[in-house]
Amino acid sequence: MNKAELKPACVFKQFAEINKIPRPSKHEEKMIEYLRKFGNDRGLETEVDETGNVIIKKKAFAGYENKKTLILQSHIDMVCDKLVDVKKDFLNDPIETYVDGEWLKAKGTTLGADDGIGCAMQLAVLDDNTLEHGPIECVFTVDEETGLTGAYGMKSGFMSGDMLINLDSEDEGQFFISCAGGVTTTAKFTFEREAVPDGYFFLKVSVKGLHGGHSGDDINKKFANGIKLLARFMYILQERYEIRIVRFDSGRMHNAIPRDGIVVFAVPMEYKENVSADLNVFAKEVEDEFHVSEDNITFNLESEAAGAVLPLRLSRNFIYALQAVDNGPMAMCQDEALAWMVETSSNVASIVTTDNEIKIVTSQRSNVMSNLENMGNTIKAVFQLAGAEVSQDGRYPAWKMNPNSILTSIVIDTYKKLFNKEPRVIGIHAGLECGLFSEKYPNLDMVSFGPTLRGVHSPEERLFIPSVQKVWDHLIEIMKSIPEK
């Protein structure tokens, strides 16, 4: 298979155009202008709200004017991540893609199929005047990946449709009818550095080769967290020797599992060989622990030229907090039908060290809002006990299942008609903009689905090409099947 053979051609054509346009979260200006021009060039009613969300409205196909209005919705921003040795300016450079068997991938970067492929389907709908459908509203939101800013800022009345299909899910044949709420908890340690004591030696320990992945969708897959691995090793060293932290850096996005990281620290000279032996033992234990889910973990230890260190007490409390803070699934859903699904979780997402501050970002998720509050408070308390300044923001609500959803019935029936098999109708342990839409538009009937993606939010992101055709065929059938007003 090559790019010329990608089907449906109308969707992959739009996706190729989208990937020429830089669109990191909070820097979607070029994509907004592209959409504005796209709609205006086709004579379609197009509007951009104060937040940057775009809506393009398309009138009904002849004979379908009395059908309810269907909203198709995706977010235009993408997580921008790359391999260490790849040069890429995400504010100016296009995403370079290639075909690998039945998968579409990017060259050393995130692919942008989350959620560029959803946007591409919407543009394909807007561009094809032969498709049979009622009134359509295509909504493109901004900044979903770093705080759902677009959905937060959308005012009631921007959308006027009766039903909404969110095209931001990642497993073809699975339809999501609820999602988790979430909150971001950030801890900051501030300090004045000190000169390293006499007789100390500087070392740098690093880990790489982890899977990483999405902190919601992948949190139950036993992927190792780079921050937690390094923190575990630092805790072991701290209990044996009086080490001093210089810097700790790992992770990039609040909603991604960190897949690598480094710690620079000082250790008394007489123990530097002990540290090497300790790491050999620790690395072997970690490899055994994650022998199924992580097959490429690499630790490295080397000398490092460094200067001032963190104050001793703060250095110790910082490591205590990282060792103690919860990470991973905390509770499974209590409903028997969803007992396989994570209900509540937390992810230690990133650490950045500057001259006078260490900033730790964590994210908590739950389908039960009271448990979300409890989990957030648990993480907050750990860092408060360690002496950090802690804040919480980016809170978004869960999307509760609607047992009387007409749209869900249509989606299921059309899928069975097309493919002669039962789909999975489930909730998702990740945040979808549907949660915020459900607050602003309480009567909106919603379902979320999309083609199969793997490795999202990492350079391993890939799109399963055959699934795009199935989702496109299904979407066309759904649009024809929307009921009348």
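# Reading local features in a predicted model

Me: Helix α3 (residues 113–127) contains D115. On what basis is such an element defined and numbered?

Reply: Helices (H or I, at least four residues) and strands (E, at least two) are DSSP runs, numbered from the N terminus. This is a predicted model, in which local features need pLDDT of at least 70 and side-chain atom pairs count only at pLDDT 80 or more, while totals for chains, interfaces and linings use all residues. Residues are numbered from 1 along each chain as its sequence is written, and side-chain values use heavy atoms, with hydrogens and water left out.

Me: Which residue is joined to D115 by a cis peptide bond?

Reply: Most peptide bonds are trans. Here, D114 and D115 are joined by a cis bond with omega of about 5°. Another cis bond, also with omega of about 5°, joins K7 and P8. P8 belongs to the segment before α1 (9–18).

Me: Is H457 buried or exposed?

Reply: Buried means under 20% relative accessible area, exposed over 50%, and partly exposed in between (1.4 Å probe, protein chains only). H457 has a relative accessible area of 4% and is therefore buried. N420, at 70% relative accessibility, counts as exposed.

Me: How many aromatic pairs are there?

Reply: A pair of aromatic rings is described by the distance of the centres and the angle of the planes. Rings of Phe, Tyr and Trp (its six-membered ring) pair if their centres lie within 6.5 Å; planes under 30 degrees apart count as stacked, over 60 as edge-to-face and the rest as tilted. By this rule there are 12 aromatic pairs. One of them is tilted: W103 and F464 have ring centres 5.0 Å apart and planes at 50°. These residues are 361 apart in the chain, with W103 in strand β5 (residues 103–106) and F464 in strand β21. W103 is partly exposed at 23% relative accessibility, and F464 is partly exposed at 24%.

Me: How are the planes of F175 and Y415 arranged?

Reply: This pair is edge-to-face, with 5.3 Å from centre to centre and 85° between the planes. F175 lies in strand β8 (residues 174–179) and Y415 in helix α9, so the pair ties together parts 240 residues apart in sequence. Both F175 and Y415 are buried. Together with F419 and F449, they form one aromatic cluster.

Me: Which residue has its charged end over the ring of W103?

Reply: A charge sits over a ring if NZ of Lys or CZ of Arg is within 6 Å of the ring centre and within 35 degrees of the ring normal. The charged end of R462 is over the W103 ring, 5.4 Å from its centre. R42 lies over the face of F38, at 3.5 Å from the ring centre.

Me: At what angle do the axes of α1 and α3 cross?

Reply: Axes are lines fitted to C-alpha atoms, for helices over the stretch in contact (heavy atoms within 4.5 Å), and angles run from 0 to 180 degrees between N-to-C directions. The axes of α1 and α3 come within 8 Å and cross at roughly 125°.
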